[in-house]
Amino acid sequence: MPRLAMRFSTQTLLLQLGVVLLVVLLSGAVHAWLVSGRIGNEAENQALTLARTVASDPGIRSAVEAISKEEGTPPAPVLAAGPVQAAAEAARLRTGAFFVAITDETGLRLAHPDPALLGEHVSTDPSVALAGREETTRNTGTLGPSAGAKVPIYAPESSTTVVGIVSVGYSMESLGQSLARDIVPIVLTAGGALLTGVLASFLLRRRLQRLTLGLEPEEISTLVHDQVAVLQGVDDGVIGVSSNGRISVFNAAAQRLLEQPDLSGTPWADAPVPGQLKALTRPDAAEADAIALVAGGSVLVASARKALHRSEDLGWVVMLRDRTELQQLTRQLDAVGTMSTALRAQRHEFANQLHTIAGLMSIGQHQQVHDYLAGLVAKGPLKFPVDQAELLQDPYLQAFVGAKGVEADERGVTLRIGPETLVRGQVTEPQDVTTVLGNLIDNAVNAAVAGSSPERWVELEVLDEPHDDGGTLHIVVADSGDGLAAGTDPEVVFAEGFTTAAGPVLVASAAAAGTSGGQGLGLALARKLARRRGGDVRLLEPGTTGGPGAVFMASLPRTTAGTPSGTTDLAGEDNDA
């Protein structure tokens with residue numbers, strides 16, 4: 001992924017600095033505007049107070065009235081030496097005002113700080129004050145910008161006759177100097193806020209880099225999408241354990257395999273998972289070690305790997321793989337091989353029977369041909385070394401058990417069908433039946449071979465129980481072995497890797513043992529499959545030394561269907577097909 005010209009953390013830092021600077025500037029500007037407005041208002045109020053004081057002075061009122069009654073306006077030198085000018089200058093000097101000006105009723109100056117302007121018309125509009133109303137102003141006159149007030153001067157004996165106005169102002173330059181003095185704390189405060197913001201931005205940048213492991217937003221987004229796609233798109237269970245000992249990832253496959261809800265956020269030490277998984281993440285555990293276990297009704301293979309990023313310890317990743325599917329596939333392949341053997345034997349036997357029939361017909365022995373065919377219909381065409389094989393009317397069971405009888409016979413074990421066997425329906429789930437039945441027969445044959453009894457045999461009884469939604473197949477398998485060791489818990493034999501010193505080694509099958517290199521997964525797998533269908537596999541008898549051996553029973557609901565009407569001779573019709 002191409003890197004950005006500027007890292008996201010740097011962009012974030014610059015953005016934060018820009019925001020802090022903008023906020024400081026805006027805050028300073030607003031504060032300066034408020035201070036300026038406050039100082040201006042105070043100056044206007046002060047000017048208004050002084051103007052009222054001067055306008056209410058009796059001497060000024062009488063002097064202004066006297067000048068207003070004269071014809072024309074006295075010359076500037078006369079006004080400069082008059083009492084009005086003296087009173088106005090005294091008030092200005094006493095209060096520090098920028099100017100104190102007095103005019104007559106026409107707006108001509110009677111008093112002004114600049115004597116050269118006496119007798120001239122004022123530079124600002126005096127109409128409001130001459131109309132008898134006070135006003136405050138901010139404008140620029142002959143002396144410069146100012147904030148001031150205009151107040152009417154009334155005749156001594158009247159409160160309505162306006163004979164002049166008093167105009168008082170304070171220089172805006174002095175206001176600016178006052179504002180400059182007040183702005184220093186503002187600048188210092190703004191600078192402190194800016195420095196604090198810069199420091200906080202640097203600290204936030206470092207924390208952001210540490211939390212994101214130095215990754216950019218685009219990289220984080222890609223990682224999140226990849227994580228979701230991988231974790232939810234694989235059938236393997238994935239458990240992530242962070243460096244602080246908490247579960248950070250618990251994908252849907254892990255929930256399904258362990259039959260647990262999402263445990264994200266749960267302390268790994270307290271999580272309701274098998275202890276073998278926790279042992280994989282011990283500090284002294286070897287990363288290459290993988291273990292097989294039964295959890296949540298599944299045969300699993302688990303491994304753990306240390307997660308590192310740029311030498312930083314991120315914790316552990318525990319992988320769970322469902323070995324149950326591998327075991328089922330192995331059993332299905334074993335069933336295919338068994339059926340192939342049965343078909344080859346059937347083909348060979350069928351060819352021999354055809355040769356016999358052809359020979360009898362060629363010599364004209366038609367009655368013998370009829371009797372021979374009747375015997376085939378009664379006994380079935382196959383000659384498997386299985387006693388009472390004709391009790392299995394289902395062609396699939398007959399062929400599978402017959403092929404297992406051939407395998408057992410090669411190992412010196414006799415496979416026989418018990419007299420209580422009765423299967424009236426047809427097998428509808430051959431794969432599940434093959435997995436359970438094959439495991440039980442293989443375990444029994446192994447037990448018979450390892451037993452101390454001189455007679456080696458395995459007895460199988462199969463009974464179907466019809467139901468409207470599918471019949472239940474009941475299977476009982478016994479052997480001539482030495483059984484289980486005394487005191488063995490009946491439930492322990494269904495744990496993975498179970499063996500006994502005195503009894504047989506329980507394996508899934510000869511093929512499974514050779515493929516996986518492990519033992520003791522067959523019964524666990526068979527029980528899981530049966531319970532998934534609502535049935536079970538359990539130990540009926542533990543057996544005794546010298547025989548008979550252990551007896552196992554399995555029930556498989558919804559694995560058979562009722563016998564179709566009109567098919568009273570399934571073996572013969574299937575063979576004809």
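## Basis of the description

A residue is called buried under 20% relative accessible area, exposed over 50%, and partly exposed in between (1.4 Å probe, protein chains only). Glu44 is buried by this definition, with a relative accessible area of 12%.

The model is predicted: local features need pLDDT of at least 70, side-chain atom pairs count only at pLDDT 80 or more, and totals for chains, interfaces and linings use all residues. Residues are numbered from 1 along each chain as its sequence is written, and side-chain values use heavy atoms, with hydrogens and water left out. Helices (H or I, at least four residues) and strands (E, at least two) are DSSP runs, numbered from the N terminus.

## Nonpolar cores

A nonpolar core is a set of buried Ala, Val, Leu, Ile, Met, Phe, Trp, Tyr and Cys residues joined through side-chain atoms within 4.5 Å. The largest one has 38 residues, and Leu440, Leu460 and Ile475 touch the most other members. Among the elements that give two or more residues to this core are helix 12 (395–410), helix 13 (430–450), strand 14 (457–465), strand 15 (471–479) and strand 17 (551–561). Helix 13 supplies the largest share, eight residues.

Apart from this core lies another, of 30 residues, which includes Leu50, Ile60, Val84 and Ala97.

Strand 1 (residues 99–104) is largely enclosed by the rest of the structure, because six of its six residues are buried. In a regular strand the side chains alternate between the two faces of the sheet. Here Phe99, Ala101 and Thr103 point one way, whereas Val100, Ile102 and Asp104 point the other way.

Two strands pair if DSSP finds at least two bridges between them. Strand 1 pairs with strand 5 (residues 162–171) in the antiparallel sense over six bridges, and Ala101 has Ser167 as its bridge partner in strand 5. Strand 1 also runs antiparallel to strand 2 (residues 109–111), to which two bridges join it; Arg109 of strand 2 is the bridge partner of Thr103. The hairpin of strand 1 and strand 2 has four residues between the strands, and Gly107 there takes a positive phi near 95 degrees.

## Salt bridges

A salt bridge is a side-chain nitrogen of Lys or Arg within 4 Å of a carboxyl oxygen of Asp or Glu. By this rule there are 13 salt bridges. One of them joins Glu44 and Arg138 (2.7 Å, N to O). The pair links distant parts of the chain, with Glu44 in helix 1 and Arg138 in strand 3 (residues 135–141), 94 residues apart. Arg138 is partly exposed, at 42% relative accessibility.

Arg109 forms a salt bridge with Glu120, the closest N and O atoms being 3.9 Å apart. Arg109 is buried at 3% relative accessibility, while Glu120 is partly exposed at 40%. In a further salt bridge, the closest N and O atoms of Arg531 and Asp536 are 3.0 Å apart. Arg531 is partly exposed at 45% relative accessibility, and Asp536 is partly exposed with a relative accessible area of 21%. Salt bridges that share partners also join Lys404, Glu407 and Asp442 into one network.
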